[in-house]
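This briefing walks through several local and overall features of one protein chain. Please keep the sequence and the three-dimensional view at hand while reading.

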Amino acid sequence: MKHLTLLFSFIAICGGSFAQSIDKIINKNEVERIEKVLSDDAMEGRAAGTNGADKASVFIAGEFKSAGLKPEKGKADYFQRFSMFTTQVVSSDLTLNNNKLEADKIIVISPAKQLNITEKSGYKTARIKAGDDARSIIFKYLSAEENYIVWVDTSFYKLFPRLSRLKSMPVFEQRSNLIFVLTSDVPDTYSFTISQDAKEQKMKNVVAVLPGKSKPNEYVIFSGHYDHLGITNQPQGIDSIYNGANDDAAGTTAVLMLSKYFKALNNNERTLVFAAFDAEEIGGFGSQYFSKQFNPNQVVGMFNIEMIGTESKWGKNSAYITGYEKTDMGKILEKNLTGTNFKFYPDPYTDQDLFYRSDNATLARLGVPAHTISTSKMDVEPNYHKLSDEIGTLDMDNMVEIIKAIALSSKTIIQGKDTPSRVNTADLQ
Ligand SMILES: [Zn+2]
């Protein structure tokens, strides 16, 4: 764990005439420079909502700026700021049909400090009956846009305490209120007066845009998450910092390199959006927030990049695409790589549901051809979510080749010549 000085240098690709060759722009020195900064101990493991993540976001914004990229339309800087709240009920007065209800029979998911709810408050209600698939119904209401009360049958009394985990999950400032109540009957009248302690955490995605020449309202997104796991209170030897060099400083590095490359080319017909997400590791919140800023119908493709710093199971010059069969985007990418020695494969770890576990998932659920590109050997990757995920474990030359391959493979999509088929949302989990 060497402590490295931050190097904010603007050499090589800034100023003067741009060399158009991809090898000149996407090169090992630059990839290594960016990786070093992001995975340095000074970034404190980049946990969402911490000073370390803030430092990383400032560095990423500086890179976008030095490359000459613009912020989103109408914005003064590259930050998409949002707040998450972690709440705890401090007092409650609860009745069902005028009978007192114990505090452990209710689960509150809301960013509000004070809730006063009765049957006249306009909440929608739903019932989980004995024998229902409670888990999947609960999952559905977690993303409900309206205020809901869900009456959970008492036959789920064993599941209910386990749902309490949901209470400690951070929630968006904007989210609707969701109340689960364990009850044998649906009451005619009810009254819930609840006070919560709400701790705010400020987070931000870093987003830059390269407007399209002839199809500015069609978007192609390149993304990765810059947050990671922070600092552990159970150090191993002298190391306590989760540097996340592969997860996902590597993907963030790729996004920055791609932004520099496409800015230098400056011939994209569609608008390119480069996004470094916050809060992936604690629930994919950065990409959820980001996805709400777009009309999904205008997004023609998303290249999400996660963990490309190690060799894939097929060796060098290869990577896999999650959800490969869900659209024809993978086929388009392969076609654009004809004549190169790089190969994309369908995700070989389908039992791990990787398609749903990264930042592509939110837009994919809205029908966008949104895939994650990775090389991580998810069955045997030795440093995954470990303190040992350090820059020294990365194959920098191979990483450069992967970033170049992503750039080349996207060619006909950013030129507006190919449009990947949409995800059929009815097929999704
Ligand atoms: Zn990750």
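In this predicted model, a polar atom of the Asp395 side chain lies 3.0 Å from the backbone nitrogen of Asn398. Asp395 itself is placed in the loop between strand 17 (370-374) and helix 10 (396-409).

**Surroundings of Asp395**
- Which residues is Asp395 in contact with, leaving aside its neighbours within four places in sequence? They are Gly309, Glu311 and Lys316.

**Cavities**
- The count of cavities of 30 Å³ or more comes to two.
- The second largest cavity holds about 30 Å³ of space.
- Its lining consists of Asn246, Thr310, Glu381, Asn383, Tyr384, Asp389 and Thr393.
- Sorted by class, the lining of the second largest cavity has four polar residues, two charged residues and one nonpolar residue.

**The second largest pocket**
- The volume of the second largest pocket is about 320 Å³.
- A set of 13 residues lines this pocket, and those nearest its centre are Glu72, Lys73, Val209, Tyr219 and Thr271.
- Two elements, strand 10 (215-225) and strand 13 (270-277), each give two or more residues to the lining of the second largest pocket.
- Which element gives the largest share of that lining? Strand 10 does, with three residues.
- The lining of the second largest pocket divides into seven nonpolar, three polar and three charged residues.

**Domains**
- The protein chain is divided into domain 1, which covers 22-70 and 211-427, and domain 2, which covers 84-199.
- Domain 1 gives five residues to the contact between the two, and domain 2 gives six.
- The centres of domain 1 and domain 2, taken over C-alpha atoms, are separated by 36 Å.
- About 450 Å² of area is buried between domain 1 and domain 2, and carbon and sulfur atoms give 79% of this area.

**Backbone geometry**
- Is the peptide bond from Asp247 to Asp248 cis or trans? This bond is cis, with omega near -5 degrees.
- Asp248 has its place in helix 6, which spans residues 245-265.
- Asn97 is a residue other than glycine with a positive phi, near 45 degrees.
- The position of Asn97 is in the loop between strand 1 (79-96) and strand 2 (99-100).

Definitions and conventions
Residues are numbered from 1 along each chain as its sequence is written. This is a predicted model: local features need pLDDT of at least 70, side-chain atom pairs count only at pLDDT 80 or more; totals for chains, interfaces and linings use all residues. Side-chain values use heavy atoms; hydrogens and water are left out. On a 1 Å grid over the protein atoms alone, a cavity is a set of points where a 1.4 Å probe fits but cannot get out, and a pocket is an open set with protein on both sides within 12 Å along at least five of seven lines; lining residues have an atom within 4 Å of a point. Grid points are joined across faces, edges and corners, and a volume is the space filled by probe spheres set on the points. Helices (H or I, at least four residues) and strands (E, at least two) are DSSP runs, numbered from the N terminus. Ala, Val, Leu, Ile, Met, Phe, Trp, Tyr, Cys and Pro count as nonpolar, Asp, Glu, Lys and Arg as charged, and the others, Gly among them, as polar. A polar contact is a pair of N or O atoms within 3.5 Å; within protein, one must be able to donate a hydrogen and the other to accept it, and residues adjacent in sequence count only if both atoms are side-chain atoms. Contact means heavy atoms within 4.5 Å. Domain bounds come from an automatic or database domain assignment. Buried area is the accessible area (1.4 Å probe) that two parts lose on being put together, summed over both.
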